[in-house]
Amino acid sequence: MLNYLTFNTVSEFFCLTVALICLLKDKELIWRLLIVFLFVTTACETGGIFFATEYHDNQWLYNIFIVFEAAFVLAIFNNLFKKHGGNPLLAALGGVCFAGSYISDLMSHGFFKYSNNTFTIMSVLYVTFALYFFYLLVKSDIYIDLKYSAEFWWATGTLLFYFGTTACNIFDKHLEKILITPTLNLSYFIFAVLDVVLYGFWSYSFICKRWEAKKLEP
Amino acid sequence: MGSQEIRTLILVVTAIFLIAPVFIVVYILVYNQRKKRHIEEKAQMKLIFEAELIKTQMEIQEQTMQTIGVELHDNIGQLLSLTSLTLNSIELENVDKAQQKIDAAIELNLKSIKEMRLLGKLLHGEQLVKLGLEEAIRNEIAWIEKSGKFTVIYDIDGERPAESNTDKDLILFRIVQEIFNNIIKHSQAKQIDIRLTYRADSISLQVIDDGDGFDIDALTEEQKGMGLKNIQKRAEIVGGEVFIRSQPGQGACIEIIIPYP
């Protein structure tokens with residue numbers, strides 16, 4: 001049972017709980033759908049531990065998850081771009097990139113090996129999209145109090161996570177050789193911290209979304 | 001490069017990758033705060049501008065009322081008194097003389113009506129500004145010339161832009177009134193030259209008089225009075241500049257350039 005209590009699962013479950021409390025009655029469908037995404041994420045993470053423990057292989061599961069991840073993240077960016085006067089075609093272009101790279105990965109090494117190239121390409125794309133969103137915010141004449149902006153903190157979490165994971169993925173072979181404890185390497189800790197950062201920022205973003213909704217209530 | 005060095009390099013690069021986005025986020029937050037301040041300052045400037053505009057409108061109204069008061073007392077009042085005296089002095093027995101006096105009274109009455117019409121036009125001073133700055137200035141000149149003390153030459157250069165800015169017109173008109181007030185009160189001038197020039201993205205107003213002039217550097221704050229200060233302040237509020245050139249005994253030239261429209 002303790003196997004299932006990792007930094008990832010705990011932070012994901014915490015974020016799912018916050019999402020359930022804050023987003024269940026949200027007016028925007030895309031934000032409500034984030035609950036589904038976080039549920040899939042938590043289930044996938046738990047399932048991943050189960051398959052790794054029982055069958056020593058869970059890469060196929062993450063190969064399925066990466067599709068959900070791309071769909072949801074791109075859909076939210078699409079929503080942000082539309083709202084802030086960005087180019088809505090960019091997210092569609094991201095979808096095309098994903099499809100191309102995913103098919104190429106599957107064709108080169110099959111379904112049971114993790115599509116690492118796709119993850120790296122998509123990470124770079126998410127980082128670019130988050131920076132593009134920041135550019136739209138900076139360019140706009142309208143002032144938004146970013147301290148309480150759900151969209152800003154969602155994009156910040158995404159930026160920090162995918163920026164960090166891009167580096168970790170590139171240097172993974174070297175980082176996993178650096179052991180912090182007899183069984184856990186540096187790569188594991190960096191990913192754990194990035195997971196906590198991502199879900200921490202997302203949770204705060206959901207709380208901001210709830211505050212926004214409350215402000216609009218009559 | 002040894003394996004230890006490679007390891008260090010990788011650690012440094014990874015650390016940079018982890019820290020860099022934090023700086024980006026901090027930069028966005030700081031920039032956003034600056035944007036907030038800028039928006040607040042803009043709103044404050046707008047409030048000041050609106051307050052100044054209202055003040056200007058009120059001053060124009062006040063000046064109009066003063067002119068009307070003086071005009072009623074000194075001119076129309078006198079004309080009507082004279083009409084009344086003329087009519088009272090008519091002796092019906094002497095028909096020829098009575099006819100002469102009646103004609104004189106009619107003439108005085110017609111003159112009063114003409115003056116009243118001019119006053120009516122003055123009462124619509126603000127509407128005059130809406131019709132165009134040139135017309136408003138022309139109307140103001142008409143009043144100055146009525147006194148018979150000044151010769152005014154008024155030139156307009158360039159094409160008035162299709163899109164005008166009534167707020168700026170109003171402020172510029174008030175500046176013209178202030179300059180005229182200063183000339184009437186202090187300059188002892190006989191001739192006033194006014195040139196209104198429309199340029200591609202600005203408007204220039206130049207007023208030259210041949211009066212006593214003054215040494216601008218030698219003027220104390222008190223001597224500058226509200227007139228010159230107001231001209232300066234009003235021009236600044238619409239993003240304009242004021243150039244004053246004057247020497248004692250050599251008249252004065254005041255030029256105002258403001259972005260337009």
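In chain B, five strands make up an open sheet with mixed pairing, ordered β1-β2-β3-β5-β4. A word on terms: strands are DSSP runs of E with at least two residues, helices are runs of H or I with at least four, and both are numbered from the N terminus. Two strands pair if DSSP finds at least two bridges between them.

At the edges of the sheet stand β1 (151–157) and β4 of chain B, each with a single partner strand, so one side of each has no neighbour in the sheet. From one strand to the next, the twist averages 10 degrees. Angles here run from 0 to 180 degrees between N-to-C directions, with axes fitted to C-alpha atoms, for helices over the stretch in contact; contact means heavy atoms within 4.5 Å.

Before the details, this is a predicted model: local features need pLDDT of at least 70, side-chain atom pairs count only at pLDDT 80 or more, and totals for chains, interfaces and linings use all residues. Residues are numbered from 1 along each chain as written, chains are lettered from A and ligands numbered from 1 in written order, and side-chain values use heavy atoms, without hydrogens and water.

β1(B) pairs with β2(B), residues 191–198, in the parallel sense over seven bridges; B:Tyr154 has B:Ile194 in β2(B) as its bridge partner.

Finally, helix α5(B), residues 166–187, lies across β2, β3 and β5 of chain B, at about 170 degrees to β5(B).
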